[in-house]
Every structure is written in structure tokens, then in C-alpha cells.
Amino acid sequence: MQAAPINEAVLAGGCFWCVEHDLEKLPGVLDVQSGYAGGDKPNPTYQEVSAGGTNYVESVKVRFDPNKLSYETLLRSFWRNVDPTDGSGQFCDRGSSYRPVIFVADADQQKGAEASAAAARAELGSKKVLRVAIEPLKRFWPAENYHQNYAELNKAKYNFYRWSCGRDARLDAVWGKKARKGLMWSSLPLKLGGQR
């Protein structure tokens, strides 16, 4: 019997606790792990990454069943859970270790990421400059155990952090009723074609 296919995506959108929490609820997601991507030093620590200068970004690795969740749908949910106009951090978390990035593992992911960026740009309007980077994935390093499933294991602390950071208020201001949802794009660039 052949094993079910499993795809992986590495995404960064500010605090990895929040990105993990937001994406692990999607139908077809098997697992979301908090960690670090973008740098070169082996086995980075939270202290090293948060101090800056490592090129690492707080990220998540999403393992998903492509028969239940497409990469494109996952990316739609990612976009609606970040402020794509802010490349200097996300919400109250500032600095390069919190910048939004779609890390791509191959040419197919590169193409999907570029298409999603074009759709997000159309959704937000041409006057908005997108600051989400698309970068090749070097390697993903898991974060320390106490960062994994943080929202689930520390509900009160997590909820207070998320509220005080203004994440949901800003998402609502950027995306309106589609904030935090993977709903179809309102308008797709003509060159993308396909169904809405």
C-alpha cells in the first residue's frame, strides 16, 4: 500500500506562535512546527535569532496533504494572516527576524508563491507595495520545545500577547472580512487565469 503524499511549506509571518496557531487549523494540515529559516549558522537558538544579525527569521514548517489542501490555498491563508505591507517586522514584533517571507523549496513553489503575490497585490489594490519576500529555502531548523504548540499549551499568555500586539486589529484593517480566512481572491490578475 502506497503512503499518502505529504507536502511541506516554510512560511514566516512574524511571531511563529501566531502563524503556527493560525495555519494548523486548516483542513488538510497534518502538522505545523515553529522554527527558524533563512540563515546559515547550524542549530540557531531563539536568543541568537531574536538578537538579530543571523539572517534567520521566525518561521513555521507546515506539513499538509496535497489531496486535501493545495499549496495555493495554504498561501491564501498565509497572506490573510500577515500584514503584507510591512517588511520590517509584523505587528508589535519588529526587526529582521520577524519579517514576512515565503521560503520556496523548488520551481513549483516559486511559481505558486509568485502567483499568490500577484493575487494579493490585486486584492489590496495597486497602490499597496507588498513587502513579503520570496526566498529559496536553505534549511529549516526546529525551535526549542517550549515554543512548540505554544498557543495551545499557554492559552491565557498567548491570547494576551496576541491581543496586546494588535495582530487581529491590524489584520482586520488590511484584509477586512477576509482576514484570517483562506477565502478565494476577489479578483485574480488576468494572466493567472483559472477559477476563482
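## Aromatic pairs

Welcome to this structure: the count comes to 6 aromatic pairs, where rings of Phe, Tyr and Trp (its six-membered ring) pair if their centres lie within 6.5 Å. This is a predicted model, in which local features need pLDDT of at least 70 and side-chain atom pairs count only at pLDDT 80 or more, while totals for chains, interfaces and linings use all residues. Residues are numbered from 1 along each chain as its sequence is written, and side-chain values use heavy atoms, with hydrogens and water left out.

A pair of aromatic rings is described by the distance of the centres and the angle of the planes. Planes under 30 degrees apart count as stacked, over 60 as edge-to-face and the rest as tilted.

## Trp-17 and its partners

Let us start with Trp-17 and Tyr-161, an edge-to-face pair with 5.7 Å from centre to centre and 80 degrees between the planes. Trp-17 belongs to helix H1 (residues 16–23) and Tyr-161 to helix H6 (residues 155–165), so this pair ties together parts that are 144 residues apart in sequence. Helices here are DSSP runs (H or I, at least four residues), numbered from the N terminus.

Trp-17 is buried, at a relative accessible area of 16%, and Tyr-161 is buried too, at 17%. Buried means under 20% relative accessible area, exposed over 50% and partly exposed in between (1.4 Å probe, protein chains only). Ring pairs also bring in Tyr-150, giving a cluster of Trp-17, Tyr-150 and Tyr-161.

## Where H3 meets H4

Next, look at helix H3 (residues 71–79) and helix H4 (residues 107–124), whose axes come within 10 Å and cross at roughly 45 degrees. Axes are lines fitted to C-alpha atoms over the stretch in contact, and angles run from 0 to 180 degrees between N-to-C directions. H3 and H4 are therefore oblique to each other; angles under 35 degrees count as roughly parallel, over 145 as roughly antiparallel, 65 to 115 as roughly perpendicular and the rest as oblique.

On the H3 side, the contact (heavy atoms within 4.5 Å) is made by Tyr-71, Glu-72, Leu-75 and Trp-79. H4 brings Gln-109, Gly-112, Ala-113, Ser-116, Ala-117 and Ala-120.

## Arg-76 in H3

Which residues does Arg-76 touch, leaving aside its neighbours within four places in sequence? Arg-76 is in contact with Lys-181, Gly-182, Leu-183, Met-184 and Trp-185. Arg-76 sits in helix H3 and counts as buried, at 10% relative accessibility.

How values were computed. Helices (H or I, at least four residues) and strands (E, at least two) are DSSP runs, numbered from the N terminus.
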